[in-house]
Amino acid sequence: MSAAGVPRKRNHDFLIKGARPLGRESTDLLIRDGVIAEIGSGLSSAGAGIVDADGLVALPGLVDMHVHLREPGREDAETVETGSRAAALGGFTAVCAMPNTSPVADSAGVVEQVLHLGLQAGLVDVQPIGAVTVGQAGERLAELAAMADSAARVRVFSDDGYCVADPRLMRRALEYVKAFDGVIAQHAEEARLTAGAQMHEGDVAVRLGLPGWPSVAEETIIARDALLAEHVGSRLHVCHVSTAGGVEIIRQAKARGVRITAEATPHHLLLTDVRATGYDPVFKVSPPLRTDADLAALRAALAEGVIDIVATDHAPHTVEDKECEWAQARPGMLGLETALSIVLEVAFDALGWDGIAERMSRAPARIAGLSDHGHDLAVGAPAHLTLVDPTARWTVDSTSLASKSRNTPYAGMTLPGRVVATFLRGEPTVLDGKATR
Amino acid sequence: MIRHLLSAADLDVDRATLVLDTAAELANLASQEVKKLPTLRGRTVVNLFYEDSTRTRISFEAAAKRLSADVINFSARGSSVSKGESLKDTALTLQAMGADAVVIRHPASGAPHRLAEWIDGRVVNAGDGTHEHPTQALLDAYTMRERLGRIAGLRVAIVGDVLHSRVARSNVSLLATLGARVTLVAPPTLLPLGIERALGARLRTSFDLDAVLPESDVVMLLRVQRERMNEAFFPSAREYARCYGLDTARMRRLPQHAIVMHPGPMNRGMEIAPDVADSARSTVVDQVTNGVSVRMAVLYLLLGGSAK
């Protein structure tokens with residue numbers, strides 16, 4: 001990514017005055033040629049753009065391992081450009097784009113197309129994720145090495161939206177990607193247990209008369225995949241863990257030394273299945289919103305590190321796909337512009353700024369193999385950073401989000417923390433809370 | 001009165017009783033020579049049916065017409081819906097035509113809730129997916145009260161495919177409101193996990209119909225679709241009938257006064273034996289008759305109060 005992501009024009013210099021890296025003592029940061037050139041108090045630089053960061057917290061640019069940018073194929077819901085803008089406004093400098101596009105990103109050609117759309121937008125590094133199987137059909141392996149060798153340098157593979165159900169195929173995929181230090185990111189869902197499922201199988205589903213998506217459908221696959229990864233010694237990443245039981249299986253696997261990592265989404269950390277009351281499909285998502293007990297287990301696991309990262313599963317959908325009957329609506333929620341605020345809301349006390357940088361920048365960059373991202377702010381480090389006003393509170397308005405779609409479950413909620421500026425390779429993508437392009 | 005009837009839980013004990021009492025008054029009409037009241041003259045009631053249901057649609061149509069409302073039947077088949085029009089666009093069309101009430105039957109749970117957000121008129125849920133069918137519960141309660149003189153304290157067994165039954169959900173809710181004690185009887189695969197916790201403290205469940213029958217004042221049989229055995233809910237229709245079907249031998253286990261109910265349409269020989277369906281205990285025909293009165297009461301109470 002770094003080679004392909006070299007900016008087209010020389011960076012302007014920026015002097016960030018009075019920022020607090022990871023919430024610590026305030027200092028100045030001089031950005032030159034895409035890297036952090038100097039750190040210290042009272043810095044000056046002739047001709048540099050001055051950014052007043054008094055009271056703002058500086059974080060390494062956030063990294064989201066799980067987004068859906070919908071391009072190619074569903075440009076009516078999102079494009080790489082609009083999704084990139086939403087990401088930058090959310091404080092992200094890199095996002096990993098899931099391959100469930102049309103056509104599916106299961107070949108070098110499609111992942112390179114997505115890569116180039118990301119470069120054109122220039123707001124965030126867009127790292128394509130490749131499909132595990134041809135057409136995400138779960139039948140035969142896609143040309144994984146060709147995607148790894150392409151300009152997109154794919155390291156993460158996933159059939160997200162679908163589970164790689166066939167255990168033999170999953171085993172082969174886990175083994176095969178060892179050759180280029182790849183990782184399989186699994187959408188853990190035993191589909192034979194979720195046929196027709198509409199929401200979490202529990203009390204609320206019984207009352208609403210909606211077919212249930214049982215927690216065990218997720219947990220059986222996590223358990224199976226952990227055993228497979230252990231057997232072949234490969235890396236497994238579990239997408240959007242949503243159940244307390246899933247957390248427990250991951251905890252045990254990690255204790256045995258299995259190379260397993262896991263993500264939780266902001267919505268599974270904040271919302272529960274009671275939101276389905278009223279049948280507004282903005283709350284329909286896969287895996288579904290679970291219970292208070294699951295939410296508590298996820299928060300504890302995030303604090304502890306059993307859940308390694310927060311990933312948004314940003315899933316834009318058109319109005320037509322959400323203003324309809326619950327059963328007909330497509331699952332998924334927007335997440336990029338609200339993620340940091342929600343993590344601050346639910347996990348700041350447990351994580352602090354350093355922990356947030358770990359869960360939302362360093363660890364996802366490490367897992368996804370994005371060597372240019374996830375670095376603490378130090379002299380010589382790439383200038384990917386975001387400046388956050390920790391005292392600001394803002395109310396989510398679905399019509400003023402940068403995403404092309406409106407399906408945020410947080411509309412009307414007042415959340416803490418506001419991204420004021422984001423720098424990608426030393427260039428501002430967001431200034432004064434507004435996208436620069 | 002409430003604005004919409006989306007769920008039996010919309011009715012507290014006073015409102016539910018008002019519906020039943022109003023239905024009883026309106027039932028007297030049926031015995032008169034001229035069966036029509038002018039109450040809803042000039043009002044438009046739309047029957048919006050996304051599922052085939054001749055009996056429910058006709059019942060609502062008769063109810064609206066006896067109150068002199070103008071009735072428009074809008075069925076999904078042969079309409080713009082089959083051309084792919086969304087529920088919301090259909091709702092806006094009905095709104096533009098000035099529908100005062102929309103009676104909706106829909107295969108998706110919650111569709112009436114969505115509709116109620118998009119139109120100004122009143123919405124009556126005539127069955128949504130596997131969620132609820134509140135007017136069925138009202139006509140069942142009416143029938144129980146008519147035959148047994150009360151509802152509070154009655155022991156009601158609801159037998160069959162509870163998992164997929166909107167009739168069961170609405171009955172559990174309304175009967176709890178009115179003070180009856182409900183036992184759900186089904187093979188474990190057809191009872192939602194944790195249903196007692198989800199639907200109420202007084203609710204009981206059983207897998208043993210023979211044990212429940214002697215303690216029941218009412219046994220209500222649910223329609224069981226044969227397709228369910230293909231989804232492994234039970235092994236065969238014959239085994240289902242053997243364990244959970246009500247035949248004459250089983251019926252003898254009921255107390256003398258007990259009644260047998262079925263919302264229809266019946267699978268004779270599956271959940272109910274033909275002799276039982278046609279016996280003196282059976283209220284199947286009464287339920288149909290009472291359905292019209294109860295639906296008249298619902299439309300009257302939702303629409304009658306406000307000036308045009």
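Between domain 1 of chain B and domain 2 of chain B there are 21 residue pairs in polar contact, both residues being at pLDDT 80 or more; a polar contact is a pair of N or O atoms within 3.5 Å, where within protein one must be able to donate a hydrogen and the other to accept it, and residues adjacent in sequence count only if both atoms are side-chain atoms. On the domain 1 side of chain B, helix H1 (13-30), helix H2 (54-66), strand E3 (101-106), strand E4 (122-128) and helix H12 (284-303) each give two or more residues to the side that touches domain 2. Helices (H or I, at least four residues) and strands (E, at least two) are DSSP runs, numbered from the N terminus. H1(B) supplies the largest share of this side, 9 residues.

This is a predicted model, in which local features need pLDDT of at least 70, side-chain atom pairs count only at pLDDT 80 or more, and totals for chains, interfaces and linings use all residues. Residues are numbered from 1 along each chain as its sequence is written, chains are lettered from A and ligands numbered from 1 in the order in which they are written, and side-chain values use heavy atoms, with hydrogens and water left out.

Domain 1 of chain B comprises 8-133 + 288-303 and domain 2 comprises 134-286, bounds that come from an automatic or database domain assignment. Their centres, taken over C-alpha atoms, lie 25 Å apart.

The domains are also linked by 2 salt bridges, each a side-chain nitrogen of Lys or Arg within 4 Å of a carboxyl oxygen of Asp or Glu.
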